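Colleague: Hi! Could you walk me through this one, step by step?
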Amino acid sequence: GGTTSYYVSQTLRGCVGDRAEIKVRINTTPKPAVTTPVEYCQNTTASPLAAQGENLKWYREATATESQTNPFTPFTANVGTYSFYVTQTGSNKCESPKEEIKVRIKPLPSATISGDKAISLGQSAEVLVNFTGDGPWNYVLSNGLSGRTTQNPLRVQVSPQRTTTYLVTEVSNECGKGTPNGSAMVTVLIPTISTGNPTTASLCA
């Protein structure tokens with residue numbers, strides 16, 4: 001945008017005349033103001049996209065030429081990041097460049113526990129819980145341990161008295177309850193004493 005000057009002259013019988021100025025003015029319109037990214041949890045109800053500007057036009061792709069005047073409403077069934085574009089047209093009838101609005105559909109969480117180990121009685125073992133989705137996560141394990149964490153993976157120390165299989169019974173985040181997966185079996189090796197059959201010895205007095 002702005003005004004640029006160009007100059008032209010003519011030559012007649014070997015003589016160059018004075019230069020004449022040609023001013024070229026390029027009118028522009030700024031991009032509309034938007035909030036990006038816009039985030040929704042999977043399968044929630046989304047609102048129409050919004051932008052601040054005048055005579056807005058909405059596009060599905062950056063290179064699209066077909067537009068609509070009504071804003072798009074994001075589809076939240078599929079997890080991922082999607083882009084929409086909007087322009088405004090000023091009083092000078094010039095359409096602005098496209099402004100991108102990113103829409104992120106966040107998944108429900110999952111928690112997968114792992115860490116099969118064998119320990120001696122009295123020792124501790126570490127099991128891992130790997131999360132997906134956005135933290136922080138709330139979790140409940142089958143041994144009753146529960147909490148809220150931002151660590152991923154979560155390392156949990158356990159000290160069972162006998163062989164125990166640990167499960168994640170519940171996992172959730174801001175999007176709701178998710179899916180627990182996997183198991184971790186900690187085998188406890190308990191020491192034993194083996195005794196044979198008693199023997200009888202005969203001795204002379």
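Modeller: Happy to! One term to start: buried means under 20% relative accessible area, exposed over 50%, and partly exposed in between (1.4 Å probe, protein chains only). This is a predicted model, where local features need pLDDT of at least 70, side-chain atom pairs count only at pLDDT 80 or more, and totals for chains, interfaces and linings use all residues. Residues are numbered from 1 along each chain as its sequence is written, and side-chain values use heavy atoms, with hydrogens and water left out.

Colleague: Thanks! Is Ser172 buried or exposed?
Modeller: Ser172 is buried, because its relative accessible area is 11%. You'll find Ser172 in strand S18; strands (E, at least two residues) are DSSP runs, numbered from the N terminus.

Colleague: And which residues is Ser172 in contact with?
Modeller: Contact means heavy atoms within 4.5 Å. Leaving aside neighbours within four places in sequence, Ser172 touches Pro109, Pro136, Trp137, Asn138, Lys177 and Gly178. Of these, Asn138 stands opposite Ser172.

Colleague: What is the order of the strands in that open sheet?
Modeller: The order is S15-S14-S18-S19, with antiparallel pairing. Strands S15 (146–149) and S19 (176–177) are at the edges with a single partner strand each, so one side of each has no neighbour in the sheet. S14 (residues 137–141) and S18 (residues 168–173) pair over 4 bridges; two strands count as paired if DSSP finds at least two bridges between them.

Colleague: Switching topic: how many residues are in the largest nonpolar core?
Modeller: It has 19 residues, and those with the most contacts inside it are Ile113, Val129, Phe131, Leu141 and Val186. A nonpolar core is a set of buried Ala, Val, Leu, Ile, Met, Phe, Trp, Tyr and Cys residues joined through side-chain atoms within 4.5 Å. Strand S13 gives the most to this core, with 4 residues.

Colleague: Nice. How many salt bridges are there?
Modeller: The count is 7, taking a salt bridge as a side-chain nitrogen of Lys or Arg within 4 Å of a carboxyl oxygen of Asp or Glu. One of them joins Lys57 and Glu95, with the closest N and O atoms 3.9 Å apart. Lys57 is in strand S8 and Glu95 in the loop between S9 and S10, so this pair ties together parts 38 residues apart in sequence.
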